[in-house]
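Subject: Structure handover, with notes on cores and salt bridges

Hello,

Here is the structure you asked for. My notes on what was found in it follow below.

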Amino acid sequence: MLRNLQWFWRTNLAVVFGVAVAVSVMIGSQIVGDSVQASLRELALARLGRVDSAVVAALPFTEALPDRLAKKTRAMAPVLHFAGIVKHQGSNKSAAKVLIYGVDQRYWRLQGITAEPLAERDAIISEALAKEFGANANDGILVRIEKPSEIPQESLHGRREGSVRTVRFRVKKTLPGGFALEPQQGELRVVYVALSTLQKELDQAEKANVLLVSGPAITNEELRDGLRMEDLGMKLRPVPGGMQLESGAGLLRDDQVARVSETAAKLGLRSEPLLTYLANNMKIGNREVPYSLVTATPEVTEGIRLNTWTMQQTGAKPGDKLQMEYYLWRQEGNLDTASALFTVAGATALGDRIMAPDYPGISDADNVSDWDPPFPMNLDKIRPVDEKYWADYRTTPKAFVSIADGQRLWGSRFGKVSSVRLYPGNKEQAWIAAFLPSVDLSKDGLTILPLRDQALAASAGSTDFAMYFGMFSSFVMGSAFLLTALFFRLGIEQRLREIGLFLAIGYSRRDVRRMFVREGLALGLVGTVVGCVGAWLYSSGLLYGLRHWWNDAVGTHSLQLHLSPTALRGALFPGIIVSVLVVVITLRRLRGLSPWDLLAGRQIDDLPHTAVRLRWLAIGFLAAGLALAGASAAGRIAPEGGFFGAGFLLLIGGALGSRALLEAGLGGEFNSLARLAWANAGQRPTRSMMTIALIAFATFLLISLEAFRHPPASSLAFNKYAYLGESQSPLYEKLDGAVMLRVRPGEDASCLNLYAPTRPKVVALPPGLVPALDAPLADGAIPAAADANSLQYILHKAIGDEMTLDGGARIRFVATLPGSVFQSEVLIGEAQFLRAFPAEQGFRMMLFEKAPNENVEELFSDSGLDVMTVSEKLAQFLRVEHAYLSTFQALGALGLILGTFGLSAVLLRNVLERRKELALLRAVGFTGSEVAQVIVLENLLLLAFGLAVGTLCALVAVAPSLLERGQLPPLFPMFGLLASVALTGLLASVLATRAALRAPLLASLRSE
C-alpha cells in the first residue's frame, strides 16, 4: 500500500488536498460560529464585571433601599444611570447615547476596583469616548441629561421646557471598557461622575435609579419587603379624621387606586377618591373667577357646588349655568383650551388645602402673581381679592363636581385620581403598608434584571454564524468533495490496467477493493489531519476578515479565535468516510468490466448503463426542482426557501444533464473545430460533468449572492417619507410637517446587533399608517409588525408568532415590512402603545415628507435631535447586509478556485491521455494553432456549460427577491463576476494548451 501511495503521489496528493479543503471548511465554519459566540460572551461578561443582577426603576428610589434589603452574601451599589449627550469642549465634538453613571465608592468596591473618590466636577471616561474626542486629562466636557420628573411631562403640570440639564465636568482619567446593563458589541462610550454631584444637579437628593447586585439576585419578595412609600414616590398626609394617600406624580394610577380601595374594604376602612384640577376661568354671565382649583369628589352627585367665597364672587344661585375653561394637554403634543358647562347645585362647606397635590411653581408660591406653572397664564386677570384668597386659603378648592364628571373631563392615561382619603386613620397605623407596592413590581416601574443570565443568553447571538458559514460553505465543501472524487477517479482510471492485471493473475475483486479501501482510508486520514490544521487557518482568516475587511457585518474588533474541542472531534470521520465512499462507488462501477476490458484500457464511461442511470437521475432532479418552484409560486411553500431549494435542485439536475448533452454530441461529420471539441469533451462525459458541476457550483453562489445586492428602497408603507429624525431625549411638541412617533427604548432588533435582543425597541405608529395595527386583536393581543429580515433572522419569528414584552404586553406579529427603515424596531399602533406603556412620554422619532427646517437640529440640540435621509438610514443596514454578502462571496471565490483547479487538472489529464490522438491530428495536417484551438474550445465548452447552469439556477433561486423589488439585479457586477470566472477558466485552458503543444507528440505516435 505504501509503495502504491508513493508511486502515484501526484494524484494522491490532489486527493489529500480535496479532503483537507472539505474538512477545513466544514470544521472552520463551526469554529467561526463558536468563536463569535464565545467572543460575545466574554465581551458581555467583561463589561458586567462582578455585577450579577440589577434592580432598575423608572423613577429614582431612595438611596437607602439597599440598607433595608437582606444582605446575605451579596454586595450592592446604588447608582444614577442615564443615557445622555456629551460634548467635548476642546474639539467641539458631540456624542449621543453615552452611558452616564453617578457612582460612589460602593460601586468601585463592588467591581473590585481601587479608586479614589471622585471630586465634585471630576469625570472618568471610557477609552473609546476619549479616542473619539481626542480627549486628555483635565479637558472639559458638557454632559446633557434629561431630568427625571415624577410629574408626567404630558400632563398639564409637566415641565417640558428646561427638562434637559447641562453639567460641566473635568476629565480626570480614562478607563478601558466600561459598564453596560445591555449587551452590545460596539465600543462603549461611558462617563462616570460622583453620585452626589449628579443627585444635586438633577434634584434627586439621596436617590438612585439602579441598584447593582453582586451575588444572589434579589427576589420579588425581598424587594417588596424592603420598599417604602417614598421609594415609589408616594406619601401619606393626615387629614381631619383620617389620612390622605397621594403621589409625587400628582395622579395615582388606576391600578394603585383599585388596590387601595380593595385593601381598604378588607380592613373596614372607607376610601374616598379625589381629583383636583386647575380651571383657568369660571364664569357666570359677566362675572368670573380666574385660576381656581376644582375638586371632583363622591360627595357631589350632580352639577357643581361652589364654596361661599366663589358664590359671592360670581353671584351664583342654584340653577345658574357656569362656564368653566381649562387646559388639556393632547397626546399629539398640543396644549388646548377646553370648556364645560355646569349647573350650579348650590353652596358647600367642603374643602381644605390638602385636597390639592403639591405642584412645583404653584403650591410653593406666596402670591398668585408669583405662580410659575409650565403653562401660559394671563396675570392681568389676577385681582386683589384673588391674592387675598390665596393668602388666606392657599390651595383650598373653590368648586366641587362629581367624581364621574371630573374623571370624564380631566382623566388621562396617567390616572383619574389625585389622592385617596382613608377613614378612620392616623400616622401610626401600620395597615398602610398593605397598600403598596404592587405584587407586580413592573406596574410600579421596578424590574429585577438577571444581567449575567441575560448576557449569556444574548451571547448566543441573533445571527447563527456557524449555520450561515456552514450553509454557504456547503458549496465549497461540495466542490472539495467533488474534486476529491474527480482526482480519485482519475487515479483509478490511471490504474485500470493494474487492476486488470491483479484480477488476471488470481486476485479476487474483493481483494482489490480492500487494497483500494485501505489506500482511501490512509488518504482520508492524512487529509483529515491536514484539514484540522487548515480549519485553524480558515477560521483565523475569516475572523480576521470579519474584524477588518467585513467589519460592517459585526461592528466590533473584539472577535477572537476560540478552538472548540467539539468541532475538532467532528473532524475525525467526515473526511475518512467520504474518501472510502468515493473508493467504494468508483470500484463498484468497475464490476461491468472484465479483466480483459481493464487490460485493454476500456473506461468506466464506456458502460451503457452508467449513462442511462445518470440521465434518469438528471430528469428526477430537474422535475423535483420545477415542482418545488411551482409549489412556491402557488404559495404552498415560503417563496424564499422554496425557490432557493428549487434553484439548487435544478443546479444538480443541470450538471447531471450536461453529461447527456455532451455524450450525444452535435451529430454529423467533424467538419469544424467546434464539432471536434464537442466530441472530445464527450469522450469522458462523467469527467466533464464533474468539471461542469465545479464551475456551476461556484457560479451559482457568486451570482445568487450578487443578485441580493440592491440600492436603498423603503417599504411601501413609508415610501413617501424622505427624512427620519431621532432624538436622544423625547420631544413633547409636534414639529411642523412631521409625523411624530412614540418610542419605548430597548435593544436594537436589526442586523446591527449581534446579540439576541430580548427587549426590542418598540415604536408607535399613528392610525392609518399600517392599518393592520390600529385595532387590538380579538383575544386581546396587540398586533405588531416588523421588518421582514429583522423578524426572520434577528427575532426568529414569523407571522402569527407572539412575544411577551416587559410589563406583560403580549404582541402578535401580523405584518412584515420588506426593506423597512424601521429594521431596529417592533411596530405597534399608537393606541395600543399608550395602553401597554403608559409611562412612556413624548416623541423620539419623526418622519418628514420634505426636508425639515435646516435649524431644527440646532433648536433641539439639547435633546440630541438628529435628522437624516431615509436613504442614509437604509444604507446603514445595507452596509451590514452587503458585508455579509461579500463574506459569503469570498467563499464562492474559494469554490471558484477549486473549480478552476479541477478544470485545469481535467484538461491536463485529457491532454496526457490523448497525446497519440493529438499527434495523429498533426500527422494528417492540422497545424499547431488548430490543435490549440480545439483544446481551448473544449475548455470553453465546459466553462460555458458551467456558467450557464450556475447562472440560470441562481436567477431561479433569487426570483422572489427580484420580483419583490421590481427591478433587475446589478448587471454590471454580475457580468464582472461571470467574466472573472470565464477568464479564470481561459487561463487554465491556456496552461493546458501550452502543455499539449510542448508534449512530444510524434514520439507518442511512433509508440502506437
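This is a predicted model: local features need pLDDT of at least 70, side-chain atom pairs count only at pLDDT 80 or more; totals for chains, interfaces and linings use all residues.

E802 is partly exposed at 31% relative accessibility, where buried means under 20% relative accessible area, exposed over 50%, and partly exposed in between (1.4 Å probe, protein chains only). R810 is partly exposed too, with a relative accessible area of 28%. The side chains of E802 and R810 meet in a salt bridge, 3.1 Å from N to O; the term stands for a side-chain nitrogen of Lys or Arg within 4 Å of a carboxyl oxygen of Asp or Glu.

Residues are numbered from 1 along each chain as its sequence is written, and side-chain values use heavy atoms, with hydrogens and water left out.

Salt bridges

The structure holds 40 salt bridges. In one of them, R413 pairs with E154, and their closest N and O atoms are 2.6 Å apart. R413 sits in the loop between α11 (403–410) and β17 (419–423) and E154 in the loop between β5 (140–146) and β6 (164–175), so the bridge ties together parts 259 residues apart in sequence. Helices (H or I, at least four residues) and strands (E, at least two) are DSSP runs, numbered from the N terminus. E154 is buried, at 5% relative accessible area, whereas R413 is partly exposed at 22%.

Another salt bridge joins D444 and R253, with 2.8 Å between the closest N and O atoms. This pair also links distant parts of the chain, 191 residues apart: D444 is in the loop between β17 and β18 (446–449), and R253 in the loop between β10 (242–247) and α8 (254–266). D444 is buried at 12% relative accessible area, and R253 is partly exposed at 24%.

Nonpolar cores

A nonpolar core here is a set of buried Ala, Val, Leu, Ile, Met, Phe, Trp, Tyr and Cys residues joined through side-chain atoms within 4.5 Å. The largest has 53 residues, of which Y107, W108, F179, Y192 and L212 touch the most other members. Helix α2 (residues 9–48) gives the most to this core, with nine residues. Apart from this core lies another of 41 residues, including Y277, Y327, A338 and V401.

Regards
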